[in-house]
Amino acid sequence: MGLWTGHVLPRLTDRSLRAPGLDPLRERTCRGLHGRVLEIGFGSGLNLAHLPAGVSGVDAVEPVDAAWRLSAARRAASPVPVRRLGLDAQGIPAETASYDAALSTFSLCTIPDPVRALREVARVLRPGASLHLLEHGSAPDGSVARWQRRCEPLQRCVCGGCHLTRDPAALLEEAGLSDVTLRGGYLPGPALGRPWGYLHHGRARTGTASGPAAG
Ligand SMILES: C[S@@+](CC[C@H](N)C(=O)[O-])C[C@H]1O[C@@H](n2cnc3c(N)ncnc32)[C@H](O)[C@@H]1O
């Protein structure tokens with residue numbers, strides 16, 4: 001990993017994703033997490049402050065050492081134990097059906113094969129358990145979507161493989177998760193930022209042994 005992706009980018013990412021406007025969305029996304037939680041694309045640990053009381057521990061999957069180091073103070077302040085379980089969500093080193101809930105925020109845009117990662121998340125979640133998501137991705141408006149397609153090649157080069165056009169609902173469905181309930185909307189701010197600012201947030205569930213998760 002070079003200087004840019006291994007050192008500079010994790011710091012820039014930490015700064016930009018610390019924007020106070022994201023806190024209420026992080027808080028809402030973490031609501032209802034409980035028990036053993038798996039977080040993919042853990043980054044610098046910006047969700048730790050929003051975990052509800054019912055969480056007993058967090059297993060983090062994060063490939064970038066600098067991001068993990070940046071999370072040190074947040075991990076130390078966390079009332080629950082946090083350990084680094086693995087480096088790649090596309091192959092999670094955990095037993096099948098071993099987590100009560102999972103969390104992904106601003107990670108599906110960057111993971112090279114997000115469907116493979118989501119299938120792994122579905123495998124390690126208990127039947128009927130939820131994945132909580134907050135992701136940026138494809139916008140519904142034609143003009144914004146066109147700018148997303150135009151900007152994506154540069155974005156991928158500069159931002160460590162981050163895509164602008166991924167559709168989280170389609171990825172979840174392709175990975176076989178059910179009860180996908182995602183809401184979408186633009187972050188407040190200038191229209192120029194819209195290609196980066198369309199957020200999808202909500203949940204999806206693993207099927208139960210007898211079929212898709214009940215409501
Ligand atoms: C935009 S950052 C989001 C960080 C954090 N989730 C947050 O909300 O602040 C995307 C994260 O995904 C991580 N990532 C990239 N490829 C990954 C992979 N294959 N498996 C797990 N995480 C990955 C990156 O290192 C980075 O920390």
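**Terms and values**

Analyst: In this predicted model, 48% of the 215 residues of the protein chain count as buried.

User: What makes a residue count as buried here?

Analyst: A residue is called buried when its relative accessible area is under 20%, and 48% of the residues of the protein chain fall in that class. In helix α5 (residues 114–124), the buried residues are Pro114, Val115, Ala117, Leu118, Glu120, Val121 and Val124.

User: Against which elements do the buried residues of α5 pack, and what makes a contact?

Analyst: Contact means heavy atoms within 4.5 Å, and the buried residues of α5 pack against the strands β1 (35–40), β4 (99–105) and β5 (125–136) as well as against α7 (168–174).

User: How do you know whether the radius of gyration agrees with that of a compact globule?

Analyst: For 215 residues, a compact globule would have a radius of gyration near 17 Å, and because the protein chain has 16 Å, the value agrees. Along its principal axes, the C-alpha trace spans about 45 × 40 × 30 Å.

User: What makes up the count of helices and strands?

Analyst: DSSP runs of at least four residues count as helices and runs of at least two as strands; the protein chain has seven helices and seven strands, which follow the pattern α-α-β-β-α-α-β-β-α-β-α-α-β-β along the sequence.

User: What share of the contacts with a separation of 6 or more joins residues 24 or more positions apart?

Analyst: Such pairs account for 69% of those contacts in the protein chain.

Key:
Residues are numbered from 1 along each chain as its sequence is written. This is a predicted model: local features need pLDDT of at least 70, side-chain atom pairs count only at pLDDT 80 or more; totals for chains, interfaces and linings use all residues. Side-chain values use heavy atoms; hydrogens and water are left out. The radius of gyration is taken over C-alpha atoms; the globule rule is 2.2 Å times the number of residues to the power 0.38. Buried means under 20% relative accessible area, exposed over 50%, partly exposed in between (1.4 Å probe, protein chains only).
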